[in-house]
Amino acid sequence: MKLSIYLSFLLLITSCATPTKYQSAEKANNEYGFKEEKIKTNIYRVSFEGNFNTEKSTVEKYMVYRAAELAQRNGKKYLRFLDKEVETNEKVLQNVSSFNAIGAYGGASDPNYSYQYYAYNFPASSHSTPEMVEKNFKAISYVEFLNDDLKSGSLKVSSVLKQINVEKE
């Protein structure tokens with residue numbers, strides 16, 4: 001029993017150790033990845049949220065790429081961002097306690113062995129040092145898909161898809 005709990009804990013920690021890949025948040029059954037919502041005929045709300053190991057620039061790049069994919073899927077040649085923003089979510093790692101790993105492998109334990117663990121979801125404060133704060137980013141945009149009727153600020157979909165390198169799951 002204790003071994004399965006320990007292994008589950010290790011799996012949880014290691015699953016968050018890599019940046020979020022380009023993936024659908026819904027298909028991955030996860031909060032991280034891209035999402036889209038149709039607002040009007042040619043206007044979508046597109047977002048991409050990365051975990052705490054995903055760079056802000058990557059989150060923005062993946063959101064733009066997803067918008068271009070949607071435009072292409074809808075048979076449009078151009079897209080235009082109506083509104084873009086990047087939200088920052090900060091969580092503080094705070095050293096809460098340590099515990100003895102008694103019987104983690106089912107045998108006798110070493111009373112001198114302890115494991116530090118941290119609590120998440122404390123809001124950042126003026127007392128938080130940079131080492132204690134983790135940030136994740138979510139890029140959100142409203143995007144208009146266009147045919148040949150170019151408007152100011154529009155981008156060619158095929159160019160966007162060629163210029164952005166995305167490693168897909």
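Residues are numbered from 1 along each chain as its sequence is written, and side-chain values use heavy atoms, with hydrogens and water left out. Because the model is predicted, local features need pLDDT of at least 70 and side-chain atom pairs count only at pLDDT 80 or more, while totals for chains, interfaces and linings use all residues.

**Stop 1: strands β1 and β2**

Select residues 33–40, strand β1. Helices (H or I, at least four residues) and strands (E, at least two) are DSSP runs, numbered from the N terminus. β1 and β2 pair in the antiparallel sense over 7 bridges. Two strands pair if DSSP finds at least two bridges between them. Find G33; it stands opposite E49 in β2. A hairpin of 2 residues joins β1 to β2.

Now click N42, in the loop between β1 and β2. N42 is partly exposed, with a relative accessible area of 27%. Buried means under 20% relative accessible area, exposed over 50%, and partly exposed in between (1.4 Å probe, protein chains only). Leaving aside neighbours within four places in sequence, N42 is in contact with K76, V143, E144 and F145. Contact means heavy atoms within 4.5 Å.

**Stop 2: strand β5**

Select residues 133–146, strand β5. Is β5 largely enclosed or open? It is largely enclosed by the rest of the structure, because 10 of its 14 residues are buried. Pick S47; its bridge partner in β5 is I140.

From I140, jump to V86. These two are 54 residues apart in sequence and 6.2 Å apart in space, C-alpha to C-alpha. V86 sits in strand β3 (residues 78–100). V86 is partly exposed, at 26% relative accessible area.

**Stop 3: E144**

Stay in β5 and select E144. It is buried, with a relative accessible area of 12%. Which side chains make polar contacts with the side chain of E144? One is R80, at 2.6 Å. Another is K151, at 3.2 Å. A polar contact is a pair of N or O atoms within 3.5 Å; within protein, one must be able to donate a hydrogen and the other to accept it, and residues adjacent in sequence count only if both atoms are side-chain atoms.

E144 and R80 also meet in a salt bridge (2.6 Å, N to O). The pair links distant parts of the chain: E144 is in β5, R80 is in β3, and they are 64 residues apart. A salt bridge is a side-chain nitrogen of Lys or Arg within 4 Å of a carboxyl oxygen of Asp or Glu.

**Stop 4: a salt-bridge network**

How many salt bridges does the structure hold? It holds 5. Side chains of opposite charge can pair when their charged atoms come close.

Select E36, R66 and E69, which are linked in a network of salt bridges. R66 meets E36 at 2.9 Å, N to O. This pair joins helix α2 (residues 56–73) to strand β1, across 30 residues of sequence. R66 also bridges to E69, with the closest N and O atoms 2.8 Å apart. R66 and E69 both lie in α2, 3 residues apart, about one turn of the helix.

Now compare their cover. R66 is buried at 6%, and E69 is buried at 16%. E36 is partly exposed at 30%.
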